[in-house]
Amino acid sequence: MPPAPNDACENHSVAGTAGPMIDLRSDTVTKPSSAMRDAMARAEVGDDVYGEDPTVNRLQEVGAALVGKKSALFVPSGTLGNQLCLRAQAEPGREVIVERTSHIVRYEQGAAGALAGVQLHWVNGTRGLMSAEQVEAAVRPKDANSVQSALLCIENTHNAGGGTVYPLSAIEAIRTVVSAHGIPMHLDGARLFNAVISSGVSAADYARQFDTVTFCLSKGLGAPAGSLIATDDQGLLERVRRFRRMYGGAMRQAGILAAAGLYALEHNIQRLAEDHANARRLAALLQQIPAVSLNPDAVATNILFFNVNHSRLSIPAFVAALNQEGLLVGAVGGKTCRAVTHLDVSAEAIERAGGIVARVLGR
Ligand code: TLP
């Protein structure tokens, strides 16, 4: 029999280095812990297309309650969650207002155009955050010539902005603007609970401002897959459910995955504070390295961007050298790298990561 999976045996040692590989490319790389796998193995299941998977049903109830909405729908990924909300709330040929560097713009393979048939109107945010004035300026006039604005999307925390957190007051101000124009609002809350833990604003207080909310179970919360779409509007949820089928996202005995999601919601929200502390510590360590530049005050949650200026090492060579030493980070273009802390990275690993970067750049 193969050994039972556990947390320690998932980390592969790196030849010639002091310990296991430290993977800071994303919080999507987390692997289910043994306790989560136990919960998955024990899950009661049924055919979810018939609405008969008790574990999926429970996850949808718990998830909806957690964000103060009436109902929720389980979907395989955050991308699908966003795309279904776009498709269900914006007719083809309409416009969706969204921040220029948001996931919907950069990382969803043009699905808004290809699948929903909508056009995206980019707003230049500040570290990913839009202001009410910018949103007001982006809404199209309701005249005979102009394309019509159908939906506004906000990303909180904002990934490419550096894990930035929207103050609730900023979202309320945006809501006032779009409501005056009769435009609904969608929240890409892939990392909503990082925003909650960082700001102290409850998930329900954030979610109240939105018609649809998606949040991921598979990022810092540590589940292997899955996101929830939550809303108060039952008719809208049924529309989303039909599009989920159309897009191929309806699953059968998905309770195995839903059990992981339930475990994640029960055990892994409060501990996100550790990831935030680890990101701040990493920023402090990197800041001491002359070839690195970053703004430590900008580290709000678990995402950290830093620039590397080294006379001999290009960014690909730098990332490859880190890899050799047992550290993975993402190269995101230009001289910038991204490091993301998560539940599979300990405070001790962060100290080692800082040491590896210093060593590689000190050569
Ligand atoms: N983000 C991933 C990559 O796709 C960039 C990452 O490593 O950070 N919204 C936001 C804000 C996200 O950051 C992501 C994933 C998604 C949606 C999509 O989630 P999945 O990967 O489940 O489709």
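Analyst: Helix H3, which spans residues 78–89, gives the most to the shell around the ligand, with three residues. The model is a predicted one. In total, 14 residues surround the ligand. The closest are Ser-26, Thr-79, His-103, Asp-188 and Arg-191. Sorted by class, the shell has seven polar, five charged and two nonpolar residues.

Ser-26 places a polar side-chain atom 2.7 Å from an oxygen atom of the ligand. For His-103, a polar side-chain atom lies 2.8 Å from an oxygen atom of the ligand. With Gly-78 the backbone takes part: one of its polar backbone atoms is 2.9 Å from an oxygen atom of the ligand. On its own the ligand has 510 Å² of accessible area, and the protein covers 81% of it.

A further residue to look at is Arg-338. Arg-338 lies in strand E13, residues 336–340. This arginine is buried, yet has no salt bridge. A salt bridge needs a side-chain nitrogen of Lys or Arg within 4 Å of a carboxyl oxygen of Asp or Glu. For Arg-338, the nearest side chain of opposite charge is that of Asp-27, 5.9 Å away. The side chain of Arg-338 has other partners. One is the backbone oxygen of Arg-25, which the Arg-338 side chain reaches at 3.0 Å. Another is the side chain of Asn-159, with which the Arg-338 side chain makes a polar contact at 2.8 Å.

Notes:
Residues are numbered from 1 along each chain as its sequence is written. This is a predicted model: local features need pLDDT of at least 70, side-chain atom pairs count only at pLDDT 80 or more; totals for chains, interfaces and linings use all residues. Side-chain values use heavy atoms; hydrogens and water are left out. A residue is near a molecule or strand if one of its heavy atoms lies within 4 Å of it. A polar contact is a pair of N or O atoms within 3.5 Å; within protein, one must be able to donate a hydrogen and the other to accept it, and residues adjacent in sequence count only if both atoms are side-chain atoms. Accessible areas come from the Shrake-Rupley method with a 1.4 Å probe; for residues, only the protein chains shown count as cover. Helices (H or I, at least four residues) and strands (E, at least two) are DSSP runs, numbered from the N terminus. Ala, Val, Leu, Ile, Met, Phe, Trp, Tyr, Cys and Pro count as nonpolar, Asp, Glu, Lys and Arg as charged, and the others, Gly among them, as polar. Buried means under 20% relative accessible area, exposed over 50%, partly exposed in between (1.4 Å probe, protein chains only). Lys and Arg count as positive and Asp and Glu as negative; His and the chain ends are not counted.
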